[in-house]
Amino acid sequence: MKLARPDLFHPRIVFAGCPALPEGDGDDDGLLAALRHRGLHARWLSWDDPQTLTADLVILRATWDYIDRLDEFLGWAGRVRNLLNPVQVVRWNTDKHYLADLAAAGVPTVPSRFFAPGEKVRLPEHGDVVVKPAVGAGSVDTLRFSDRDAALRHAARLQGAGRTALVQPYDERIADGETALVFLGGAQSHAFTKGPILRRPDEPPVFDESGTFAEENLAPADPDFELWDLGYATLAAAAAHLGMAPEEFLYARVDVIGGRTDPRVLELELVEPSLGWRQLDAATRERQQRAFALGVESALDRLGLGPLSHRRP
């Protein structure tokens, strides 16, 4: 472990959780130690804690209540001194309209149509449909429908609450679960699978103890290169849209359905994704969490917060 030196600048780093999970859900527990081994010191705070505004760097990790406090959350994100991922990423990625931007860039995505409050909702002509809010997390209010009238009623409820409804055709491959591709600093890190959690209207949701996200069945994965290629293409398109380089994303998770033949992006998570550290064996987890810490170091240098940036004469 590197020891602190008084003649070097030591940035104040915060991992941001939420009131229900001010120290995350436990999956990120090894990251603080990984940073310490690089001479960096971080602590957890709920994102709405005023002390986050005095930190040199805030890293979003478990801000899972933002869907209910979006304006407040985005306002806070704009006031933080330095945020990872950056505030322009947060503004773009908290609204699933980003899927339309990815599709326009040629990324194979699950077809998506958006209906703002007051707009007439149009469903696909055939098959089951998925209706969800355009701003949402943890699969809250995300439902699969065979009954078209019920689907329209759910969309109307979302619109009546001032939310934009997102309508997608149901892809049968969702029943096989999703593959979550994790990238650190724009480079391939690891992957895991997420069991299907999409429910029908008559099926009650099952949340974790905090009530902030739906419980998921996770397992390690070793995806084919075609899925990783899709992940890289997704990051490249997102970075180009935002005027960034892919390596400027401290972390990213690309959720994909399907296998080598016609895989599709279901979601791109750049704000607060679980990174599935507990799905890795101890040696791999230590190595990849070191890569995370190196990514934080690189970001600090980019932001002018490296160890020599405030050195005393």
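This is a predicted model: local features need pLDDT of at least 70, side-chain atom pairs count only at pLDDT 80 or more; totals for chains, interfaces and linings use all residues.
**Exercise 1.** Work out why strand β12 can be described as largely enclosed by the rest of the structure.

*Solution.* Next, take the cut-off, by which a residue is buried when its relative accessible area is under 20%. Seven of the seven residues of β12, residues 251-257, are buried, and therefore the strand is largely enclosed by the rest of the structure.

**Exercise 2.** Determine which strands pair with β12, and in what sense they run.

*Solution.* Start with strand β9, residues 178-184, which runs antiparallel to β12 and is joined to it by six bridges; here L184 has Y251 as its bridge partner. Then turn to strand β13, residues 264-269, which pairs with β12 in the antiparallel sense over five bridges, with D255 standing opposite E267. Finally, look at the connection, where β12 and β13 form a hairpin with six residues between them, and where G258 in the turn has a positive phi of about 90 degrees.

**Exercise 3.** Describe the largest cavity by its volume and by the residues that line it.

*Solution.* The count comes to one cavity of 30 Å³ or more, and the largest cavity has a volume of about 40 Å³. Its lining consists of D25, D27, D28, R61, W64, P273 and S274.

Conventions. Residues are numbered from 1 along each chain as its sequence is written. Side-chain values use heavy atoms; hydrogens and water are left out. Buried means under 20% relative accessible area, exposed over 50%, partly exposed in between (1.4 Å probe, protein chains only). Helices (H or I, at least four residues) and strands (E, at least two) are DSSP runs, numbered from the N terminus. Two strands pair if DSSP finds at least two bridges between them. On a 1 Å grid over the protein atoms alone, a cavity is a set of points where a 1.4 Å probe fits but cannot get out, and a pocket is an open set with protein on both sides within 12 Å along at least five of seven lines; lining residues have an atom within 4 Å of a point. Grid points are joined across faces, edges and corners, and a volume is the space filled by probe spheres set on the points.
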